[in-house]
Each structure stands twice: as C-alpha cells, then as structure tokens.
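Q: Please take a close look at one part of this structure. I would like the salt bridges and the domain interface treated together.

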Amino acid sequence: MMDIKQFAQPESGKINPAVFSDYDVYEQELEQVFTRCWLYVGHESTVPNTGDYLLNYMGADEVIVVRGPDTRLRVFLNKCRHRGNKVCFFDRGNARSFTCTYHGWQYDTEGRLFGVPFYEDAYLSQLQREVNGLVEVPMVASYKGLIFACWDPSVMPLDDYLGDMRYYLDHLVLHEEVGGIEIVAGKQRYMMPTNWKLLSDNFASDNYHTPTSHASAFKVYAESERMRRDRPSGENFQVAVGYPSGVPHAYAGLRFLPTFDEALERDLRNAEELGPEAVDWVKERYHRAELHWADEPITVQAGTNSHIFPNLSMITASAGALEARGIIQWHAKGPLLTEVWQWAAVDKEAPKVVKEAAIRKLMAGQSAAGMIAPDDSENFERSTDNLASHMTKLQPFDYTMGLGFESSHPRQAEWEAAGFTDMPGLIGPWMSEVSQRQYYRYWAHLLTGA
C-alpha cells in the first residue's frame, strides 16, 4: 500500500503522480474520504413532495434520497438486504415503496422492510423484518436547499464543515435574497478519462490554465461585440476558505467592486432583448441584492468557479440577474475515470424567459458540448495517458505557485487598504496554488490521520 506521507507532500508543493493512478489510493479514498466527509446528494427543489426521490452516489455507493410521509429527507443505500440487488432504478421520480426485482422484497420510503414474498412458507414467519430495512446514511442535513449526507456519525455539523464558504454560497450561488434557487429537471452526464482529484483541484481555483487552455473560447469572445461590451471591470482574486474547520473549500475569480451599478447597467441592456418582464426582474433582483449587501464591507460582483471538498464544484460566472449556476459533481469510477454530473440552477422567482436564456448561456460554456469543458477534457486525457508510463511517474507534479506567500503577498498591504481582506477566508491573487496545496494537505490528513 502506498505511503501517502511520502508521495503527497503539499508543504513542498510536490505531489507524486501515482496518487492519481494508484488503485490502492482509490480504495483508501473510498474508505477514508467518501465515508468521512459531507457529500452533496441533491437539492430540495427536486424532492419537494412525499415520495419524491432521486439517486446519487456517495463515493462508489449508489444512494436513494427520498422524502418520507413525515416530510423528512432520508438517504438509503440502494441495495436490497437479501441478495444485494438494487431496489430503485430511475434517476428521479415519486414512489410509495421500492421493490427488489430479484426476490420481491419491498421497502417503504422510510426504509422499512414490509413485503417479503412467501413470508410464512419460506421463512416460517421467522425473518426479522425490523432489522432488515434499507441501510440508512446516519447523517443528513441541508444548507439552504443543498442536501448533504455523511456515513460518519461523528462528523462535524454541516455548517461547521462549510465554514466560511457559506458566506460565498449565500451571496454568489444561492441568492437567498430572491427566494433561493431551483434545479432544472435533468442533468448532463459524461465521462472524463482522468482522476477525480485533478478535476476537483482544477475547479478549486486553477485560474492559471484559463488563458492557455481556453484560448480559442476567449478568441471567440473577443470577436463578439456583446462579449466585449459585457466584460466586467475590476481585478480578479481567489480565496481559500478552509476556515475555521480546516476543510479546504475554495473560490476562484472573485471580483470586488464598490457598487452594483456596472452589473445592473449590463443586465438591463441584455434584459431589453428578452422583453419587459425580464427588465422588471432585473430591477427587482438588484434592488433586493443591494439590500442584502448593505452591511457588507465589500460588494462581490462575480465569482467564476468554486469547490466544496471533496467532489462538489459550482459555476457562478457572475452575481448577475441573468445568470444560471452550474452544480457539478465529480464521481470517481476508479483511479483513472470520472463521471461528471452537471445540473443547471436558476433563480426560483425569475420569469421563464430569463431562466431559459440563463440556461442557454451556461450550456454554451461549461457543458459536455460547450466552449469550455472539451478543452479541459483533452488536457486531462493527455495528462492521464502519461500516468501509465514508468518514467513519468517518477516526476512529481508541481504545486509551488505562490508557495511561502500565502499571507504575505507583495500586494497584501494594498489589498488590506482596499478592504478586500475583510472578506472571509484567505484572499490571494488570481493565479496561485494555495488552494490546491490546502486541498491535498487535508486529503492526505484523511488518508493518514496525521
């Protein structure tokens, strides 16, 4: 078994490529990471009624998220207690019970085994149905609609786990001031031929790749009059928000500006193309946003990618009224393959015309056939091809960008004077690898206990 302490040394900025290809490491992750962390399993807007359910994965384990007759959300292992067959077969739906198609055992939406064919003849009425219910995930909690679950009964409370990331979720993703978000029905599913951690650390503020990897997309944007017109001003930052719990979440591409004036002008201009209903929405949305931000030291106008450890990422593009958010999970399917699940989230109270336009814009960028995701897929495929050879495994990956300047950047005094460092977390320059180093430091801690 690989010695994680030897191969993952985030303090030096060096990570051995073997941690992205070794099967023993993957097995350790299933046991030590995906069973000990809060994992996103769905959104409350997709299971509003009694009997509503959806399927997701916690590591390699498929689970059912279902709302019971008492309105409580429960999460169960999708496995019959008799011979291990699945009892739920559809991504989402509504059901009064779940039935195994092998031998017909039936479970209600609270996980209880209530139907056993030939109970008297086959089991002589001796089977203890009360101890053969669906295996239930012990810890389930929601944060403003985002549902998380954890196998570890001793895990820290979800609010503590999210830590300072809650601030940025509230202001840039969940938009509590306008009634929250809702998930659009359906999701994209596609495969990335790479390790799930590389996709996670890419979204955990790897802005360094953007000008090179996505040069073709930016060339198209640069030639678009509308894209040039809508490009926001201001300096970009990133923030490592693994505080106070130490769990390493991150936000990339944050843009701080004193008011919403520029963003409001941009959105009103674009809303006119969608009609008066969209214009009214933009005005109301920004009015509420200004009230929401009134007591904050700095106004955050935008944030591109964010990541919640271990495998949940989000796309926000901006805090604008015409933007959809992307919610992405990186499901590990072995050390060298990841299945990507992506949903679109929109403001619940937005008019239909705004929701449809926002979804189209999101899909044009980060999606399986968008302008952005295929670039990433090609790069990860090439990097993963090299993991199969002997000599390349001997050359560590370099994560030294900004090493030693995490809290003493040459521009730190300038940022403090501007008030940027009053925001939660560790504010840093747009290009830095401090968030990735924190990511692997915590990852190694989970695997080693050190």
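Is Glu62 buried or exposed, and what is its relative accessible area?

A: This is a predicted model. Glu62 is buried, with a relative accessible area of 14%. The cut-off for buried is under 20%, so Glu62 falls within that class.

Its partner is Lys86. The two side chains form a salt bridge, with N and O 3.1 Å apart. Glu62 sits in strand 5 (residues 61-67), and Lys86 sits in the loop between strand 6 (73-77) and strand 7 (92-94). The pair therefore ties together parts that are 24 residues apart in sequence. Lys86 is partly exposed, at 38% relative accessibility.

Glu323 and Lys361 meet through their side chains at 2.9 Å, N to O. Glu323 lies in the loop between strand 19 (312-315) and strand 20 (325-332), while Lys361 belongs to helix 12 (residues 352-365). They are 38 residues apart, and the pair links distant parts of the chain. Glu323 counts as buried, at 10% relative accessibility. Lys361 counts as partly exposed, at 46%.

Glu414 and Arg411 make another salt bridge, with their closest N and O atoms 2.7 Å apart. Glu414 is partly exposed, with a relative accessible area of 45%. Arg411 is partly exposed too, at 28%. Elsewhere, salt bridges that share partners join Asp70, Arg74, Asp108, Glu110 and Arg112 into one network. The whole structure holds 27 salt bridges.

Now the interface. The domain assignment gives domain 1 (39-140) and domain 2 (164-448). Their C-alpha centres lie 35 Å apart. Ten residues of domain 1 contact 16 residues of domain 2. Together the domains bury about 1100 Å², with 57% of it on carbon and sulfur atoms. Tyr40, His43 and Tyr57 supply 46% of the area that domain 1 buries against domain 2, more than any other three residues.

Two salt bridges are counted between the domains. Lys187 also pairs with Asp91 in a salt bridge, the closest N and O atoms being 3.5 Å apart. Four residue pairs are in polar contact across the interface of domain 1 and domain 2. On the side of domain 1 that touches domain 2, strand 3 (39-43) and strand 4 (52-58) are the elements that give two or more residues. The residues of that side divide into four nonpolar, four polar and two charged.

Technical notes: Residues are numbered from 1 along each chain as its sequence is written. This is a predicted model: local features need pLDDT of at least 70, side-chain atom pairs count only at pLDDT 80 or more; totals for chains, interfaces and linings use all residues. Side-chain values use heavy atoms; hydrogens and water are left out. Domain bounds come from an automatic or database domain assignment. Contact means heavy atoms within 4.5 Å. Buried area is the accessible area (1.4 Å probe) that two parts lose on being put together, summed over both. A salt bridge is a side-chain nitrogen of Lys or Arg within 4 Å of a carboxyl oxygen of Asp or Glu. A polar contact is a pair of N or O atoms within 3.5 Å; within protein, one must be able to donate a hydrogen and the other to accept it, and residues adjacent in sequence count only if both atoms are side-chain atoms. Helices (H or I, at least four residues) and strands (E, at least two) are DSSP runs, numbered from the N terminus. Ala, Val, Leu, Ile, Met, Phe, Trp, Tyr, Cys and Pro count as nonpolar, Asp, Glu, Lys and Arg as charged, and the others, Gly among them, as polar. Buried means under 20% relative accessible area, exposed over 50%, partly exposed in between (1.4 Å probe, protein chains only).
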